[in-house]
Amino acid sequence: KWGNTITMLFLKAHRFEGEHLVYAGSVAIILICSLIFVASNVLSGAIADEAESTLEQQLDVLLAQKTQRASDPDFLVRLADVYLDLGDDVDIDESMRRAAYEEGARIARRAIDLQEHNAHAHYLYAANLGSAAQLKGVMASALTITELKEHARRALELKANYAPALHMMGMMLPPAKRFRYSRATTFCSALLFGSADNSFKK
């Protein structure tokens, strides 16, 4: 459809001569740019919708297996990770985001109980718990901060240079130290260690 429109504009433009040709060509270019802009927005929206749909599909698949795999730490970690992604979706209602984080924290806690040496479980517990607390407006709670630090540190004890946990620890530092920490860990981890685990986002 758009291809035919562009072709017609191009042919019509060549019917003019001199200044009229330049004017017609300019109009055609503006219209083409507008069509590209519209197409880009439509494509971006479609990709976002597909990502959200895919995330919900992943959750449905995992929940269908929950009863049979309720004692499988790896399964629980994957489920907690999906809940964290759902909570991060700013396009859904805040109460739904908070519920997703809280469920993610609960499931990650279960994974820790089953397999205490699972670094991913400790990180996901802290990430979900901290995100839920932030939405509730209680991020400054000393008890919450202490618990988050405890699990972030445990994740690093179990898996050195674990990038998500390093980032989390840095974000809990005072502002001045946080800036230095962020720059140092980002640069040095990549330069010296190179093997920082990125298998889990956030």
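Just after helix α5, G137 takes a positive phi of about 85°. Helices here are DSSP runs of H or I with at least four residues, strands are E runs of at least two, and both are numbered from the N terminus.

This is a predicted model: local features need pLDDT of at least 70, side-chain atom pairs count only at pLDDT 80 or more, and totals for chains, interfaces and linings use all residues. Residues are numbered from 1 along each chain as its sequence is written, and side-chain values use heavy atoms, leaving out hydrogens and water.

## The whole chain

The protein chain has eight helices and zero strands. Of its 202 residues, 31% count as buried. Buried means under 20% relative accessible area, exposed means over 50%, and partly exposed lies in between (1.4 Å probe, protein chains only).

Helix α4 covers residues 94-114. Its 21 residues should span 30 Å at 1.5 Å a residue, and its end C-alpha atoms are 30 Å apart, which agrees. The expected span is 1.5 Å times one less than the number of residues. The buried residues of α4 include R97, Y101 and I107. Those buried residues pack against α3 (73-87), α5 (119-136) and α6.

Helix α5 has 18 residues, and 14 of them are buried, so α5 is largely enclosed by the rest of the structure. N118 caps the N-terminal end of α5. A side-chain oxygen of N118 lies 3.1 Å from the backbone nitrogen of H120.

## Rings and charges

The count comes to one aromatic pair. The rings of Y123 and Y162 have their centres 5.8 Å apart and their planes at 80°, so the pair is edge-to-face. Rings of Phe, Tyr and Trp (its six-membered ring) pair if their centres lie within 6.5 Å; planes under 30 degrees apart count as stacked, over 60 as edge-to-face and the rest as tilted. Y123 lies in α5 and Y162 in the loop between α6 and α7, so the pair ties together parts 39 residues apart in sequence. Y123 is buried at 2% relative accessible area, and Y162 is buried at 0%.

The charged end of K159 sits over the ring of Y162, 5.8 Å from its centre. Such a charge is NZ of Lys or CZ of Arg within 6 Å of the ring centre and within 35 degrees of the ring normal. R109 lies over the face of Y125, 5.5 Å from the ring centre.

## The loop at N161

N161 is in the loop between α6 (142-158) and α7 (163-171). Its phi is near 65°, a positive value in a residue other than glycine. Most residues other than glycine have a negative phi. N161 is partly exposed, at 23% relative accessibility.

How values were computed:
Contact means heavy atoms within 4.5 Å. A polar contact is a pair of N or O atoms within 3.5 Å; within protein, one must be able to donate a hydrogen and the other to accept it, and residues adjacent in sequence count only if both atoms are side-chain atoms.
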